[in-house]
Amino acid sequence: STVLNLLEAELEKNSSYVVIRTEPWQYDNHDDVRGDLIVEILDQLGDRFHADGTVKGRIEDLVKRLSWSRIGLSLGKGVLTMQWDINALIEAFTPRGRNDELSMAGFKGQFATLVSGLPKIERVVVLVDDLDRCLPPAVMATLESIKLFLAVPKMAFVIAADQDMVRDSIAASLGETNRSGAFAVRYLEKIVQLPVTLP
């Protein structure tokens, strides 16, 4: 955390960088950690560029694409009230094409368009702190959101965490098998391009 604080202070001196700080363990117990991380990044970009109508519109379109939350809301409401809205469930589970504004299929491309169109910005740097404090499902959800939806040009992620604990979380989320440990090592190597070990 101390190193991230120093890095954040240094990066913020450059007006062509947007620095976003996130701590996934704060929403560790939420049903949709992946969506929470994406919304947090979109919210912070929205705060920075609230006066730019084009950026604001693109962010609103991306939030609409977070359609899995609609499934969770439909199911959660039904469980709580025991009153199922069958039409809402059918709509939530209906497969959507890449161009549908509620589909996640086109999210990454649209997110790349948003980031490339940020005025006078060379890099968006997301500082991810305390990932090793998360439970295994939240660790995987965070890494998956970075890999599947947010890894686009101009985006950079700095993950501050105990590498062994993160690797163990990946292995635990796969279940106890002979190959889970080896897979966890390779998975982390694919996501983290430049590991820096601190004493």
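Ile-159 counts as partly exposed, at 29% relative accessibility, where buried means under 20% relative accessible area, exposed over 50% and partly exposed in between (1.4 Å probe, protein chains only). The residue is found in strand S3; strands (E, at least two residues) and helices (H or I, at least four) are DSSP runs, numbered from the N terminus. The model is predicted, with local features requiring pLDDT of at least 70 and side-chain atom pairs counted only at pLDDT 80 or more, while totals for chains, interfaces and linings use all residues. Residues are numbered from 1 along each chain as its sequence is written, and side-chain values use heavy atoms, with hydrogens and water left out.

Not counting residues up to four places away in sequence, Ile-159 touches Val-128, Leu-131, Leu-143 and Ile-146, contact being defined as heavy atoms within 4.5 Å. Leu-143 lies 16 residues from Ile-159 along the chain, and the C-alpha atoms of the two are separated by 9.8 Å.

The axes of H7 and H9 are 11 Å apart and the angle is about 40°; axes are lines fitted to C-alpha atoms, for helices over the stretch in contact, and angles run from 0 to 180 degrees between N-to-C directions. H7 and H9 are therefore oblique to each other, since angles under 35 degrees count as roughly parallel, over 145 as roughly antiparallel, 65 to 115 as roughly perpendicular and the rest as oblique. The crossing of H7 and H9 is left-handed, a term used if the near helix is turned anticlockwise from the far one by less than a right angle, with right-handed used if clockwise. Met-140, Leu-143, Glu-144 and Lys-147 of H7 make the contact with Tyr-187, Leu-188 and Ile-191 of H9. These residues divide into five nonpolar, no polar and two charged (Ala, Val, Leu, Ile, Met, Phe, Trp, Tyr, Cys and Pro count as nonpolar, Asp, Glu, Lys and Arg as charged, and the others, Gly among them, as polar).

Helix H9 spans residues 180–191 and includes Ser-180. Ser-180 is buried, at 7% relative accessibility. Residues up to four places away in sequence aside, Ser-180 touches Ala-171, Leu-174 and Gly-175.

The crossing is left-handed. Ile-38, Ile-41, Leu-42 and Leu-45 in H2 meet Phe-107, Phe-111 and Leu-114 in H6. The contact comprises seven nonpolar residues, no polar and no charged.

Within H6, the buried residues are Phe-107, Gln-110, Phe-111, Leu-114 and Val-115. They lie on the same side of H6, because they cover an arc of only 140° around the axis, the arc being that of the directions from the helix axis to the C-beta atoms. An α-helix has 3.6 residues a turn, so residues three or four places apart point the same way. The buried residues of H6 pack against H2, helix H3 (53–64), strand S2 (123–129), helix H7 (136–150) and strand S3 (155–160).

Strand S2 contains Val-125, which is buried, with a relative accessible area of 6%. Neighbours within four places in sequence aside, Val-125 is in contact with Leu-11, Val-18, Val-19, Ile-20, Ala-156 and Val-158. The C-alpha atoms of Val-125 and Met-155 are separated by 6.1 Å, with the two residues 30 apart along the chain.
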